Structures are given as structure tokens and as C-alpha cells.
Amino acid sequence: MLLFRSEEHIELWCEQWHQSRGGTMSLDTCAKLAFDWYHDRLNPNGRRKTPEEAKGIFDALGLSGAFWSLT
Amino acid sequence: MELTFDQQVRNKVYELLLASGQLPSIAELSSNLSCATEEIRTSLRNLHAGKALVLMPESGEILMANPWSAVPTSYAVEAGGKSWWANCAWDALAIPAAMGVRGKMITSCACCGEAMTAEVESRQLLGGEGIVHIALPAKQWWNNIFFT
């Protein structure tokens with residue numbers, strides 16, 4: 001999950017490293033995803049998110065479709 | 001409810017991380033939890049199997065306790081008065097979120113190397129630009145979490 005300056009730089013990177021283009025999100029969306037996913041990480045009773053919980057987080061941020069499916 | 005030994009180890013990992021600024025070694029966990037190193041190794045393997053953290057392939061030491069990385073990466077983070085290493089762009093923005101503080105990601109464009117920074121607090125991006133690219137579909141992330 002790498003940060004790029006622009007879509008053009010993603011295309012160049014994929015070409016240079018012979019990688020298919022994957023999914024993208026804005027830095028703003030990534031900030032929200034980071035909080036929603038990890039804000040309770042240091043809770044002593046913290047546990048791994050269920051696929052349903054993960055889907056709920058992705059869906060709320062508009063990260064939907066086959067690429068974001070965990071199952 | 002009483003915590004399992006694996007939960008105690010997991011919590012000690014984060015406790016020592018926040019106190020020292022570095023993910024603890026097996027020896028440090030053994031000393032802090034007053035148990036044998038083999039018990040720690042077994043627990044860490046359990047946590048790795050449960051995807052609660054990621055171990056180095058040879059030594060069995062902790063490589064990732066997401067969102068933190070034990071080793072230097074391209075994603076440095078300043079948060080809570082300390083500097084940290086994150087595993088990726090997502091994790092870099094997650095370290096301040098996990099700590100409940102404002103923080104700054106310091107990195108560079110993965111394509112050209114131009115310096116990039118971003119500041120976050122809670123869910124808000126306070127400054128910074130860019131696009132995060134995820135190479136693998138979500139269901140493949142844990143097939144090779146190091147690449148992911």
C-alpha cells in the first residue's frame with residue numbers, strides 16, 4: 001500500500017515493476033480508513049475484525065466491489 | 001474476563017512498544033512476563049497464525065505489530081513525541097489514530113522519490129496530498145502481507 005503523487009505516477013510504477021494496476025484511494029479516505037480500522041488497536045481486549053466488520057468499514061468509505069471483498 | 005496468555009503477550013508487545021519506541025524482542029518479552037523464551041515463541045507463533053502480528057521468517061522475532069513495523073521502512077511517523085516506522089501508507093496514518101494523537105507521516109512518492117508528508121488527527125487529514133495504491137485485492141493481502 002504505497003503512496004504516489006498522482007495517477008500518472010501509479011501507472012509508471014506499475015509499468016516499471018510489471019504490476020497490474022490495483023485499487024486506489026485518496027489520502028483523505030486513507031486517513032479515515034486508518035482511524036476506523038486502528039483506533040481501538042491498543043484496547044487490551046482488542047481482537048481481529050470479522051469479515052463483516054471489515055466490510056462495514058470499507059462500505060462506509062465507498063470502498064466496495066470485488067477488489068475490496070475479503071471473502 | 002481473564003485474558004489468555006496470548007492476549008497478555010499481545011498487550012505487553014504494545015505496552016513495551018509505546019514505552020520504549022521499539023517493538024520488543026523475544027528476550028524482552030520473556031523478561032517482562034517472567035516466563036521462558038520458548039513460551040513467548042509459542043505465543044508469538046499463535047498470534048502470527050491468528051494474524052494479530054507478523055513474525056520475521058528466520059529469527060521468529062516480531063516484524064510487524066500493525067500498524068507498527070519493527071524495522072525501518074519508507075514510512076516514518078512522528079506521533080506522541082516519538083518517531084516510529086509503519087508498514088505502509090495506511091499504517092502510517094494509523095499510528096496516530098491508534099495512539100489517539102495528532103501525527104505526521106514522512107515518506108516519498110513510491111514512483112519518483114519526491115518527498116511527501118501528511119498530517120492527521122483523529123479521522124481528519126490536516127495536510128498532505130497523494131493517492132494510495134493497493135496492489136493486491138483485499139482477499140489476497142494475507143497471502144503475502146510483507147508485499148501487501
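Visitor: Which strand of chain B does strand 1 of chain A pair with, and in what sense?
Guide: Strand 1 of chain A pairs with strand 9 of chain B, residues 131-134, in the antiparallel sense over 3 bridges. Keep in mind that this is a predicted model.

Visitor: OK, and what stands opposite Phe4(A)?
Guide: That's Ile131(B), in strand 9 of chain B.

Visitor: How many residues of each chain are in contact with the other chain?
Guide: 38 residues of chain A are in contact with 40 residues of chain B. On chain A's side, the elements giving two or more residues are strand 1 (2-4), helix 1 (7-16), strand 2 (23-26) and helix 2 (27-38).

Visitor: Which element of chain A gives the most?
Guide: Helix 2 of chain A does, with 10 residues on the side that touches chain B.

Visitor: And what's that side like by class?
Guide: The side of chain A that touches chain B has 22 nonpolar residues, along with 10 polar and 6 charged ones.

Visitor: Back to strand 9 of chain B. What about Leu136(B), where is its place?
Guide: Leu136(B) sits in the segment after strand 9 of chain B.

Visitor: What is Leu136(B) in contact with, leaving aside its neighbours within four places in sequence?
Guide: Its contacts are Gly22(A) from the other chain, plus Trp141(B) and Thr148(B). As for Phe147(B), that residue is 11 residues from Leu136(B) in sequence, and the two are 8.9 Å apart in space, C-alpha to C-alpha.

Visitor: Why does Leu136(B) count as partly exposed?
Guide: Because Leu136(B) has 19 other C-beta atoms within 10 Å, and being buried takes 20 or more.

Visitor: New topic! How is chain B divided into domains?
Guide: Into domain 1 (5-63) and domain 2 (69-127). Their C-alpha centres lie 23 Å apart.

Visitor: Tell me about helix 3 of chain B. How many residues does it have?
Guide: Helix 3 of chain B has 13 residues, 37-49, and reaches 18 Å from its first C-alpha to its last, close to the 18 Å expected.

Visitor: Which of its residues are buried?
Guide: In helix 3 of chain B, the buried ones are Ile40(B), Ser43(B), Leu44(B) and Leu47(B). They cover an arc of only 100 degrees around the axis, so they are on the same side of helix 3 of chain B.

Visitor: What covers them?
Guide: The cover includes helix 1 (5-20), helix 2 (26-33), strand 1 (54-55) and strand 2 (62-65) of chain B.

Visitor: Which exposed residues are on the face turned away?
Guide: Glu38(B) and Ala49(B) are carried there. Just after helix 3 of chain B, Lys51(B) takes a positive phi of about 60 degrees.

Key:
Residues numbered from 1 in each chain as written. Chains lettered and ligands numbered in written order. Predicted model: local features only at pLDDT ≥ 70, side-chain atom pairs only at ≥ 80, totals over all residues. Contact = placed C-beta atoms within 7 Å. Helix = DSSP H or I, 4+ residues; strand = E, 2+ residues; numbered from the N terminus. Nonpolar A, V, L, I, M, F, W, Y, C, P; charged D, E, K, R; others polar. Pairing = 2+ DSSP bridges. Domains from an automatic or database assignment. Buried ≥ 20, exposed ≤ 12 C-beta atoms within 10 Å, placed from the backbone. Expected span 1.5 Å × (residues − 1). Arc of directions from axis to C-beta.
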